[in-house]
Amino acid sequence: TGWLLIKGAVNVMAGRSIGLSEVSDLLNSDDLRLLIPGAALGVALVIAQRTIRRPWVLPVFVLGALVLFWFSTFVFGSVDEARAGGWLLGPFAESPRWVPIGPSTFADADWGAIFGQVGDLLTIIVLATVGLLFNANSIEIMNGEDLDLDGELSAAGLSNVFTGLVGGPPGYHHVTLTMLGRALGDPNRMVAYVGAVACFLVAFVGGGLIEYVPRLLLGGLIVSFGVALLYEWLVAFRRRLPPAEYAVVLAIVLVVAFAGFLQGVGVGIALSAGLFAWTYSKTDTVKHRLTGSEFTSKVNRSPQHQSELYEMGEHIDILELQGFLFFGSVHKVIESIQLRAMQPEGREVRFVVIDFRRIRGIDSSVVLSFMKLARLAGPLDFTVVMTGV
């Protein structure tokens, strides 16, 4: 998200979409004069917020940049010159206004084209759901408090139903705007209300006032949020994350930068799942490994019987398992049983007792692994006994 914000900020300040392949051309172009002030404002804002840590830092920087820009504009030029130089947002072809949906909208719609985009629409739904879960988790980390995820899902669902009925796009929790609300001080609903009023004004009145917003101000704000996120995850979290997990973070950023957001999410999920499987496979799922001589019953027996049971107990291997079993973790268990039963010298294994009392769950592949163990038991002449299943 931090990378995408910085990329979006460059697009806002330069007034056009710019990809990685155009970075070298950008540095040698006239757009550089538009990028440097906004980037400097964004970096300065991040440093000030991390140094001073007061809620007034953000509004003071915004108002100060706004006053300085318009003071310079009127002293050294004019509004028309600022607009011609690309310093202001716009100009827009027309002031956009919301148009209500009516029966004629459905009658004029090209339903063939709409149904032809079902695959893309489903992708949008999946992406919005994944984005909601990821952003809600990010907001929890930033705020240092737990969210009611069920309540957040319900709120997002209701808002999407409402916006869909009036022709709006699907949406979900916005990390950047949440960061903005937190940066303004004690968070409360007033921040959301002001944002909603601004959206309604643009929707019903038009966006003419937006044309007077300096590009460097909007771009600088977006840069500050992007730099803050990148610093948090690529610098600050470097000391908190194990090297393998930090490598996953770097991989996600690189894939998002070179391929796209959805690809980055997919690669991140795949790498995280693989890392989890590899890490968990290194965990010993055998809590205790005993023999029948070491783990005996509490029944009082004669010395002769105890001696016979002790001697016979040497041919019984007992494995007490723990945790969650999947292919990566159970493979070592099966392998150790096989190696022990195939030892040409030493005590002969006649029975292998596997205790499942402390197992919380198993993967379906584990069943296949134990079926393999059952097939090995015949040729190696031992019996598998499962308890606590």
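I started with aspartate 381 and looked up where this residue sits: in the loop between α17 (364-380) and β4 (383-387). The model is predicted, and I kept that in mind for every entry. I then read the backbone angle of aspartate 381 and found phi near 60°, a positive value in a residue other than glycine. I noted this because most residues other than glycine have a negative phi.

Next I turned to arginine 53. Its phi is near 55°, again positive in a residue that is not glycine. I placed arginine 53 in the loop between α3 (32-52) and α4 (57-76). Is arginine 53 buried or exposed? I looked up a relative accessible area of 58%, and exposed means over 50%, so arginine 53 is exposed.

Then I looked at the whole chain. I listed 17 helices and four strands. I took the extent of the C-alpha trace along its principal axes, which is about 110 × 55 × 45 Å. The radius of gyration of the chain is 32 Å, while a compact globule of 389 residues would have one near 21 Å.

For contacts, I took the pairs of residues at least 6 apart in sequence and found that 75% of these contacts join residues at least 24 apart.

Of the 389 residues, 28% count as buried. I noted an accessible surface of about 24,300 Å² for the chain, with 66% of this area belonging to carbon and sulfur atoms. The chain has 28 positive and 33 negative charges, and I wrote down 6 Å between their mean positions.

Technical notes
Residues numbered from 1 in each chain as written. Predicted model: local features only at pLDDT ≥ 70, side-chain atom pairs only at ≥ 80, totals over all residues. Heavy atoms only, no water. Helix = DSSP H or I, 4+ residues; strand = E, 2+ residues; numbered from the N terminus. Rg over C-alpha atoms; globule rule 2.2 N^0.38 Å. Buried < 20%, exposed > 50% of the residue type's maximum accessible area, 1.4 Å probe, protein only. Contact = heavy atoms within 4.5 Å. Areas by Shrake-Rupley, 256 points an atom, 1.4 Å probe, with all protein chains shown as cover. Lys, Arg positive; Asp, Glu negative; His and termini not counted. Charge placed at Lys NZ, Arg CZ, Asp CG, Glu CD.
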